[in-house]
Structures are given as structure tokens and as C-alpha cells.
Amino acid sequence: MRVKRIDHLGVAVADLAAAKRLYEDLLGLKLTHEEVVQDQGVRTLFYPLAGVKLELLESITPDGPIAKHLASRGPGIQHLAVEVEDIDAAIAELKAKGVRMIDQEPRRGVENSRIAFVHPKDTHGVLLELVELPPKV
Ligand code: CO
């Protein structure tokens with residue numbers, strides 16, 4: 001497997017209105033996509049920046065992964081997402097080489113991408129998200 005590029009950086013935010021003021025009003029980024037991902041209990045906002053996106057993550061449930069991150073570590077960079085060509089093959093290869101996955105199967109990410117998280121115990125503390133983007137039409 002070879003990762004293609006950084007797709008996005010996930011940032012956990014506790015105060016979405018204040019974070020929007022920072023990224024939009026002060027830093028001048030343009031919001032291009034907003035989506036609630038129910039099974040993760042998050043609202044996500046995307047800001048493209050030089051070919052990489054910033055993904056702001058606000059928790060909409062008290063017990064989802066972002067709520068847990070905020071409780072244990074506070075706001076900040078939560079995950080690094082890299083694009084792969086074939087996520088099924090990538091997961092199979094990592095597992096075969098003894099790397100633990102949080103997601104054993106790909107699940108649906110934003111904009112019909114397919115995603116899977118690798119366990120941070122096997123990635124030197126970085127929560128790594130694999131992303132397979134949908135085919136361009
Ligand atoms: Co992400």
C-alpha cells in the first residue's frame with residue numbers, strides 16, 4: 001500500500017461558533033461542506049486549504065468519539081486523514097501485518113467517501129483515518 005496524499009486534518013472543537021469566527025473571519029477560509037455524521041455523533045465542517053482540508057468536528061452526542069476526546073484531551077487536532085486508492089485492500093494489508101484497526105470494515109464518511117480508523121496504539125499515538133474518495137463523475 002502507498003498513501004496518496006493528506007486528505008484532511010480533523011480538529012475537535014468545543015465552541016463551534018468561536019471556531020467558525022477564527023477560521024472564517026480571522027483566517028479567511030471558506031466553508032465548502034457541512035454534514036452531520038450520525039453514527040459518529042458529530043457535525044463536520046470542511047475548509048479547503050492548499051489542497052488539504054481542515055475538518056472541524058463538533059460533538060452532537062455526550063458519548064461519541066469527539067465528546068470523549070474533548071473530555072480527555074480538550075480541543076485540538078484529533079486525527080490525520082490520508083487518502084488511499086483501495087480501502088478494502090489497505091485494511092486487509094494492515095491487519096495482515098498485525099496493525100490493529102478501530103474499524104474492521106470501511107464505513108461511510110462525508111460526501112460518500114469510505115473511511116476507516118487505525119488504532120492509535122499502533123500508529124505512535126496518531127489517530128489515522130484512511131479515506132477512499134468516491135469516483136469522480
Ligand atoms: Co476525518
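Is His8 buried or exposed? His8 is buried, with a relative accessible area of 4%; buried means under 20%, exposed over 50% and partly exposed in between (1.4 Å probe, protein chains only). The model is predicted, with local features needing pLDDT of at least 70 and side-chain atom pairs pLDDT 80 or more, while totals for chains, interfaces and linings use all residues. Residues are numbered from 1 along each chain as its sequence is written, and side-chain values use heavy atoms, with hydrogens and water left out.

**View 1. The cobalt site.** His8 (NE2), Glu55 (OE), His79 (NE2) and Glu129 (OE) coordinate the cobalt ion at 2.1 to 2.2 Å. Donors are N, O and S atoms within 2.8 Å of the metal (3.2 Å for Na, K and Ca); water is not among the atoms, so sites may look incomplete. Angles among the 4 donor atoms run from 81 to 167°, and the site is irregular. The donor spacing in sequence is H-x46-E-x23-H-x49-E. His8 lies in strand E1 (residues 5-13) and His79 in strand E5 (residues 76-83), so the pair ties together parts 71 residues apart in sequence. Helices (H or I, at least four residues) and strands (E, at least two) are DSSP runs, numbered from the N terminus. His79 is buried, at 4% relative accessibility.

View 2. Strand E2 (residues 33-37) runs antiparallel to strand E3 (residues 42-49), joined by 5 bridges; strands pair if DSSP finds at least two bridges between them. Glu34 has Leu45 in E3 as its bridge partner. The E2-E3 hairpin has 4 residues between its strands, and Gly41 in the turn has a positive phi of about 65°. E3 is also antiparallel to strand E4 (residues 52-59), with 8 bridges, and Phe46 stands opposite Glu55 in E4.

**View 3. Salt bridges.** The structure holds 14 salt bridges, each a side-chain nitrogen of Lys or Arg within 4 Å of a carboxyl oxygen of Asp or Glu. In one of them, the closest N and O atoms of Lys4 and Glu83 are 3.3 Å apart. Lys4 is in the segment before E1 and Glu83 in strand E5, 79 residues apart. Lys4 is partly exposed at 43%, whereas Glu83 is buried at 8%. Arg107 and Asp103 form another salt bridge, at 2.9 Å, and both residues are buried.

How values were computed:
Four donors count as tetrahedral if all angles lie between 85 and 135 degrees; four count as square planar and six as octahedral if opposite donors are over 155 degrees apart and all others between 65 and 115; anything else is irregular.
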